[in-house]
Amino acid sequence: MKIGFQSANKVQFIGVWRMQASTERDGIKLDGSSEPIEFRLDGDLIRGTFYLPHRAAKELPVVVLAHGWGMVAGGDLEDYAAAIVNAGLAALTFDFRNLGKSEGFPRQEIDPYRQVEDFRAAISYVRTRPEIDRDRVGIWGSSYSGGHVLYVAAVDKRVKCVVSQVPTISGFKAAQRRASGEKASRLRAALEADREARFAGAAPATIRTVDKDPTAAVAYPEADSYEYMSSEAARCDGWVNEITLRSLELARTYEPGVYIKRIAPAPLLMIAATDDALTPTDLQQDAFNEAHHPKRLMLVPGGHYAVYREHFDKTSAAAAQWFSEHLL
């Protein structure tokens, strides 16, 4: 059923295969090799790509990267990985369970708590690789996964360095700003109806993520969300313009910012946009102020998607430099 607003993990690793690559991604030339990989978590296969720099030395540091809300591997996620690989580090990109090329049901359900476990399983995977120094692991996340890396770095001390870009800090506070009054009441009624219908055995209700029509009942009605996600869809095999309605309910329970004090001594780079309305800039800055050193805040002008678009060169270079400084 489609609807609008109106109405103790066990990890198992399996085989991989290798292919050499030197490809252009919107001006980023990957100087190294790429390898499709997969590993198993709680019975589901998580799929991704493992990268090594050209003329790789033994026991390399590695960075694990995953994308934000509902997005999948491909597109600019691989561009960020290429910038890191070209700096001399290994990298892994992957799709969260229920999305893209990874397994898991319900499809298109975005569960932040499961995604955090996916991230931690990906760390376990890269630490099995013979090319990798197990003690030099970094993580990169943006938007929703920007919140994930704050959480993971705080609770998983295998992480030695973190870059969090335009992160979710408080799902509840962000939701309050996005939907209030009558809109919030309609959404709450829809979430409650979906919960009871699922309890009775119905399939999960779904909602489109974006739409060209700014008045359409979608999760992200903003024009810049439509422009960014629809353009990235052409580069991201497996992206679907739909999420379960429950994903919105789960997001409102997610508070990764409360963990930020526990990240140190792992170095934290936070990249924020000055006029971010999706993951509000003030929430990011307030959270950053609570983090302990070593830390750095990078501010770029513009809205949420400016970090991927007009400032991609700056944000990707800053991330690569941060990991190089603290892991190489």
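Start at the lining of the largest pocket: by class it has 22 nonpolar, 8 polar and 4 charged residues. Here Ala, Val, Leu, Ile, Met, Phe, Trp, Tyr, Cys and Pro count as nonpolar, Asp, Glu, Lys and Arg as charged, and the others, Gly among them, as polar.

Before you click on, know that this is a predicted model: local features need pLDDT of at least 70, side-chain atom pairs count only at pLDDT 80 or more, and totals for chains, interfaces and linings use all residues. Residues are numbered from 1 along each chain as its sequence is written, and side-chain values use heavy atoms, with hydrogens and water left out.

**Stop 1: the pocket**

Select W69, A174, R178, Y220 and L278. Of the 34 lining residues, these lie nearest the centre of the largest pocket. Now colour α4 (171-178), α6 (223-233) and α7 (245-251), the elements that give two or more residues to this lining. The largest share, 4 residues, comes from α4. (Helices are DSSP runs of H or I, at least four residues; strands are runs of E, at least two; both are numbered from the N terminus.)

**Stop 2: D211**

Go to the loop between β11 (206-207) and α6, where D211 is found. The D211 side chain reaches the backbone nitrogen of D213 at 2.7 Å. Leaving out residues up to four places away in sequence, D211 touches A216, V218 and Y226. (Contact means heavy atoms within 4.5 Å.) Now pick S230: D211 and S230 are 19 residues apart in sequence and 8.8 Å apart in space, C-alpha to C-alpha.

**Stop 3: helix α1**

Select residues 76-86, helix α1. How many of its residues are buried? The count is 10 of 11. Buried means under 20% relative accessible area, exposed over 50%, partly exposed in between (1.4 Å probe, protein chains only). Among the buried ones are D76, E78 and Y80. After α1 comes G88, with a positive phi near 105°.

**Stop 4: Q165**

From Y80, move to Q165, whose side chain makes a polar contact with the Y80 side chain (3.3 Å). Q165 sits in strand β10 (residues 159-165). Is Q165 buried or exposed? Q165 counts as buried because its relative accessibility is 0%. Beyond four places in sequence, its contacts include W140, I271 and T315.

**Stop 5: L65**

Finish at L65. Leaving aside neighbours within four places in sequence, L65 is in contact with residues including L77, Y80, F119 and W140.

Definitions and conventions
Polar contact = N/O pair within 3.5 Å; in protein donor to acceptor, adjacent residues only side chain to side chain. 1 Å grid on protein atoms, 1.4 Å probe; cavity = no way out; pocket = protein on both sides within 12 Å on 5 of 7 lines; lining within 4 Å.
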